[in-house]
Every structure is written in C-alpha cells, then in structure tokens.
Amino acid sequence: MGAVESTEGEREPLLGPNQPQTNGSPQPGNGRVYARRWVVLTLFSVLGFLQGMVWNTWGPIQNSARHAFGFTSTDIAVLVIWGPVGFIPWLLFVWLMDKKGLRASLLLAAFLMVLGSALRSVPLPDLQLRRWLIHGGQLLNGLAGPTLMSAGPLLSTTWFAPDQRATATAVASLVGYLGAACSFLIGPLAVPAPNDTQTQSTVTHWDPEHIRNRIQYVLYAEMGMILLLFAAVLFYFPSRPPMPPSVAAASQRLSYRSSICRLLSNMRFLMIALAYSVPTGVVAGWSGVLDMILTPARVSQVDAGWIGFWSIVGGCVVGVAMARFADFIRGMLKLLLVLMLAGASLAATWFTLTCLTRLTHLPSTKATLYTSCILVGIFINSSIPIFFELFIETVYPVPEGITCGVVTFLSNLFTGLMLFFLTFYFTELSWLNWCLTGSCLFSLLLVLFFRESYDRLYLDVFVSV
C-alpha cells in the first residue's frame with residue numbers, strides 16, 4: 001500500500017505468525033509508531049475539513065445565493081449533488097490509492113480542490129457564465145471526495161498502533177463533516193440574508209451587489225486556505241512509515257481485482273454496507289438543504305445554520321469519544337452501532353412529527369427543533385468511524401481503501417438519488433424527513449441481524465503474541 005506499485009505475488013498470502021521480513025527488518029509483531037503520524041493525520045484531516053466546507057458552501061446561504069446570483073431551488077440542490085456526482089469515477093480513485101499509495105492520492109485530491117476553488121472565485125460580471133463556473137468548481141471539489149472520505153481507515157492502519165486505530169479513523173473520517181458544519185456557521189455570519197432588517201432604527205435593504213461581494217470574500221478565503229494546504233502536502237506527506245506499526249499493517253493484501261470480487265460476493269459485507277450507506281447518504285443530503293426544510297417552520301437562515309452546525313459538531317465529538325472507547329474495549333462495535341442507530345431512529349421520528357405539528361399537535365418550538373435535529377446528527381455522524389472499523393474487520397484482508405471506497409460510493413449514491421428527486425419535488429419537503437426516519441429504522445434492523453467478526457483484530461492480538 002505504499003508509494004510504489006506492488007506485484008500480484010507480493011499481495012496474495014497473509015504473513016504467517018513466525019515469518020520474518022526481508023532485508024533483516026523485524027518481524028511483523030514488532031511494530032513501531034512514529035511521532036510524525038500526527039502530522040500526517042493533521043494534514044489529511046484539514047484537507048478533508050476544507051473539502052467538506054467547500055461542498056456545503058451554498059446550502060446554508062441559499063436565500064442569499066438566490067438573491068445575488070439568481071439561483072433557483074433546483075440550482076441549490078444541484079450544487080449539493082455535485083458532491084455525490086464526484087463519486088462516479090470512484091473505482092479510478094481507489095485503484096490509485098491501492099497502487100500508488102496515500103501521497104499520490106492526496107496530492108491529486110488537493111489539486112482538484114485547488115482548481116475547483118479557483119474556478120468558483122473568478123469574478124465575472126456575466127451571472128449566467130458565473131453560475132456555470134460555480135457549478136464546475138463544485139464538481140471538481142466533489143471529485144476529491146472519494147479519496148478524502150475513504151482513505152481514513154487506510155491511514156490509521158498504515159500509521160497507527162492497534163490501540164489508536166479507531167481514534168485515528170474517527171478523526172480522519174469525521175473532520176470532513178466538521179468542515180461542512182463550519183460552513184453552516186461561517187456562511188450565514190459572513191453573508192447577509194436578503195431579509196436582514198434593521199441597524200438600530202434604520203431599515204436596510206441589502207442589494208444583490210453587496211451580498212455578491214460578501215460571498216466573493218468567502219470564496220477567496222476558502223481558495224487561499226486550500227492553496228496553503230496543497231503546498232504543505234506537496235512539501236511533506238509520506239505514503240507510509242519506514243516500519244509498519246502492527247501485524248495488520250505489515251500483512252500482504254488481496255489484489256485490486258480480487259478485492260472487488262470478494263466485496264461484491266460477500267453478503268455480510270453488503271448487508272452492513274447498506275446499513276451504513278442508506279442513513280448516512282440520506283442525512284448528508286438532508287443536512288445540505290436543511291435551510292430549505294426548516295423555512296416552512298419559520299426558522300431563519302442563521303438559526304438553521306446553528307442547528308446544522310451543532311448537529312455535526314456533536315456527532316464529531318461523540319464519534320471520537322466512541323472510537324476511543326472502542327480502542328480500549330475491543331469487540332463491541334455492533335453493540336455501539338445498535339445503541340447509536342436506536343437513538344437516531346427516535347430522534348428522527350421526533351423531528352419529523354414536530355415538523356408536522358398541525359397534524360400531531362406536538363410543540364414546534366425552537367428548542368424542540370434544535371434538540372431533535374442535533375440528536376439526529378450526533379447519533380448518525382458518530383456511527384461513521386465505528387462502521388468503518390467494522391467494515392475492515394469483516395472483510396480483512398481486503399485493502400482498507402478499496403473497502404471504504406465502495407461504502408462511501410454507496411452512501412453518496414443514496415445522497416445523489418435523494419437530491420435528484422428534490423429537483424422535481426421541492427415545493428413540499430416533509431418527504432425528506434420521512435426518508436430520514438425510514439433510513440434510520442432500516443439501518444437498525446440490518447445491524448441487529450448482522451453477524452460480526454474481528455479478523456484483523458485476531459491477527460494483531462494473537463500473531464503479535
């Protein structure tokens with residue numbers, strides 16, 4: 001899984017428990033970790049953070065974008081769809097990750113983000129052409145998604161010891177969602193909504209040019225941060241450490257073709273892959289248009305931004321905490337998922353019924369909307385690293401990048417399908433809330449009937465001993 005291409009012969013069998021390494025290096029059981037692993041994790045995580053922020057630029061400021069650029073509801077939905085569309089060539093990106101390693105994959109992802117952010121920032125006076133450039137920039141940013149959303153478990157296995165893997169996976173896989181959360185905060189605070197009213201006692205009407213200039217500042221700032229990070233990754237980001245940190249990291253894996261065949265023929269993997277991809281895909285699309293969903297409930301653009309922000313931040317914090325717990329007490333991944341998905345199902349049902357207050361007569365206050373929506377984000381987002389670790393344990397020795405590439409593609413496929421239907425059915429949005437509730441219940445049932453196994457953990461614990 002390094003920077004050089006591996007041969008078929010090198011990747012067929014697993015290393016035996018007493019099989020020595022070549023070139024006089026220690027046996028796989030004597031792994032070593034390096035302090036630089038935190039630098040590698042930080043660079044990867046910040047890049048994922050920026051990719052998530054750019055993806056979610058337009059949803060939180062959709063009212064302002066309509067006013068400044070003439071976007072329609074369909075345009076806003078399509079701008080969010082470009083993220084899932086970027087996963088269409090996912091096989092190419094996971095092949096590059098498997099054959100050339102983390103460095104080459106991350107450099108390509110960062111370069112695509114640089115091009116996308118530059119394209120969005122061209123200040124053309126022709127609004128029609130400007131809209132096309134913004135769409136093109138969002139697509140290029142979406143093409144960085146397959147690498148940044150699926151390489152976290154590969155990075156954690158390559159650089160971290162077994163008792164730190166779940167935590168590293170949580171940080172690498174959740175920081176991208178934190179970037180999307182920050183866009184809920186930065187967008188509404190930096191860009192005025194067209195219905196902003198008074199400054200002291202004077203009524204102010206924000207003209208489109210003023211709003212357009214404020215959006216332009218946000219686009220320039222995001223482009224500058226991406227350029228700086230691209231330079232940092234270009235300067236230093238090794239594919240792998242000099243010595244592997246564990247037996248699993250040193251073990252040879254299946255070839256690319258064998259891995260794809262193994263995954264598609266493994267019913268247990270397909271079962272848990274659906275349990276992950278359906279709710280996470282639906283939640284991603286739902287949160288991307290959260291402002292549109294909450295507008296009928298008379299929730300302002302700023303309040304909707306705060307709800308989206310805290311729901312994702314809460315999920316990230318709880319997800320890292322749960323992953324750290326899983327590092328200390330191993331073999332409990334299924335139990336953790338059952339608890340999280342049960343909580344998500346209850347919270348999603350509460351939010352859906354609250355939005356239908358005319359029928360259910362449940363109190364629809366800012367407090368209930370905040371609480372139910374934030375709980376949905378906490379339970380779903382915190383389950384992501386636990387799902388990733390369970391995927392790797394279930395299908396080992398399939399390479400981590402290929403496994404997570406498949407499931408993130410499926411997740412984005414469901415996001416794209418939901419947003420595709422949104423382009424046709426955008427006048428009444430309660431169906432999105434019912435999709436959210438149904439996806440959580442569906443996932444809970446699949447996890448309850450799933451038979452877990454820990455093949456990678458067995459190798460690390462018993463072979464190293």
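**Close-up 1. Helix α9 and its burial in the predicted model.** In α9, the buried residues are Gly152, Pro153, Leu154, Leu155, Ser156, Thr157, Thr158 and Trp159, where buried means under 20% relative accessible area, exposed means over 50%, and partly exposed lies in between (1.4 Å probe, protein chains only). Because eight of the eight residues of this helix (residues 152–159) are buried, α9 is largely enclosed by the rest of the structure. Helices are DSSP runs (H or I, at least four residues), numbered from the N terminus. The model is predicted, so that local features need pLDDT of at least 70 and side-chain atom pairs count only at pLDDT 80 or more, whereas totals for chains, interfaces and linings use all residues. Residues are numbered from 1 along each chain as its sequence is written, and side-chain values use heavy atoms, with hydrogens and water left out.

Close-up 2. When residues up to four places away in sequence are not counted, phenylalanine 387 touches Ile272, Ala275, Tyr276, Leu337, Leu341, Ser443 and Val447, a contact being heavy atoms within 4.5 Å.

**Close-up 3. Aromatic pairs around phenylalanine 71.** Rings of Phe, Tyr and Trp (its six-membered ring) pair if their centres lie within 6.5 Å, with planes under 30 degrees apart counted as stacked, over 60 as edge-to-face and the rest as tilted; by this rule there are 15 aromatic pairs. Tryptophan 58 and phenylalanine 71 form an edge-to-face pair, because their ring centres are 5.7 Å apart and their planes stand at 70 degrees. This pair links distant parts of the chain, 13 residues apart, with tryptophan 58 in the loop between α2 (37–55) and α3 (62–69) and phenylalanine 71 in the loop between α3 and α4 (73–85). Tryptophan 58 counts as buried at 1% relative accessibility, as does phenylalanine 71 at 3%. Phenylalanine 71 also forms a tilted pair with phenylalanine 69, at 5.8 Å centre to centre and 50 degrees between the planes, and phenylalanine 69 is buried, with a relative accessible area of 1%.

**Close-up 4. A cluster of aromatic rings.** Phe269, Tyr276, Phe387, Phe388 and Phe391 are linked into a cluster by ring pairs.

Definitions and conventions
Helix = DSSP H or I, 4+ residues; strand = E, 2+ residues; numbered from the N terminus.
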